[in-house]
Amino acid sequence: MSEQVAMGIDLGGTTFKVGLLTGEGELLESSSHPTPPDNALAVLGVIETAGKDLLSRHMDRALVGVGIGVPGQVVPETGAIVRCPNLEVMDGVNAGERLAATFGMPAWVANDAFCATLAELRYGAGRGVQNLLLLTLGTGVGGGVVLDNKVRRGPRQLMGEIGHMTIAPGGRRCGCGSFGCLEAMAAKQAMIDMTVERLQSGRPSLIDELTGGDDNAITPRVIAQAAQQGDKVARRVVDQTGHYIGLAICNAILLVDPDLVLIGGGIAATGELLFDAIRRTVKHVGIFAQFDVNKIVPAALGNHAGTYGAGALVWE
Ligand SMILES: [Zn+2]
């Protein structure tokens, strides 16, 4: 009998990934493709093509199921996608039914943050941990909660939505309509805007050298690079970002009491300086003396977490 394999699909607003995951957690192969913006049929069509292409290169494996993580709200029980703010063509589509019909195998649908959390729990930095808090920091801020070795979302799938926790009352406006959410204060655009403001007030900075003075070329990566070289403007932005993230983690610790806090996503690549700032804030809040700040560590699976997690839906 040929060895079994699960297909994991990580659907994003601009790109999607498809991968084949073994029961032991080995990602045999994965590929990345643009997500067509036109309509749901086109999206499902390219997923089918990419998936079948992948399977054709692993004929020795038997597909046992398909999992998909989507950037929005889903009904896991039925496989229906309710709402995808960054991929509205998928609103109301029953992705579970469609994928099951396409591949002739059972299919599971989950939110992408759920998948990332499940991936870190089973195959990443959270292996063997019972209670876990995950934050993913990128264009937006996502999160996930694990209690007693199970990823939880709650009845309205709100558990872990740490990106919309208020950490600065009256602060920057968030995409959700509220003000001062973590996502508005500490994600990619907030870091860039904070940097531009400081540069425009005339502070000399290495960032100008790195970007040739073009503010449009400022990215978290550039900020991190300058911070590592001791640049004051960049250091201040990284410290402030870490402080906001640290505040959110303090609040979350009170609710979740995690054994471990994992931080992933593009912003996490800012590195140790950011983690230091986060740990400083968490440490400063006295009540957390019992929480070991060294338990705040980077996630392990990088941008493959979604694919691992979608495949893991099948093995769960
Ligand atoms: Zn918000």
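This is a predicted model: local features need pLDDT of at least 70, side-chain atom pairs count only at pLDDT 80 or more; totals for chains, interfaces and linings use all residues.
Two strands count as paired if DSSP finds at least two bridges between them.

Strand β1, residues 3-11, runs parallel to strand β4, residues 61-70, and eight bridges join the two. Within this pairing, Asp10 stands opposite Gly69 of β4. Strand β4 also pairs with strand β7, residues 107-111, again in the parallel sense, over five bridges. Here Gly69 stands opposite Ala110 of β7.

The helices come next. Helix α8 covers residues 232-256, which is 25 residues. At 1.5 Å a residue, α8 should span 36 Å, and its end C-alpha atoms lie 35 Å apart, so the two values agree. After α8 comes Asp257, which has a positive phi, near 45°.

Helix α5, residues 188-200, packs against α8 at an angle of about 140°, and the axes of the two helices are 10 Å apart. The crossing of α5 with α8 is right-handed. On the α5 side, the contact is made by Met191, Met194, Thr195, Arg198 and Leu199. These meet Val233, Arg236, Val237, Gln240 and Thr241 of α8. By class, the contact between α5 and α8 consists of five nonpolar, three polar and two charged residues.

Note on methods:
Residues are numbered from 1 along each chain as its sequence is written. Helices (H or I, at least four residues) and strands (E, at least two) are DSSP runs, numbered from the N terminus. The expected span of a helix is 1.5 Å times one less than its number of residues. Axes are lines fitted to C-alpha atoms, for helices over the stretch in contact, and angles run from 0 to 180 degrees between N-to-C directions. A crossing is left-handed if the near helix is turned anticlockwise from the far one by less than a right angle, and right-handed if clockwise. Two residues are in contact if their C-beta atoms, placed from the backbone, lie within 7 Å. Ala, Val, Leu, Ile, Met, Phe, Trp, Tyr, Cys and Pro count as nonpolar, Asp, Glu, Lys and Arg as charged, and the others, Gly among them, as polar.
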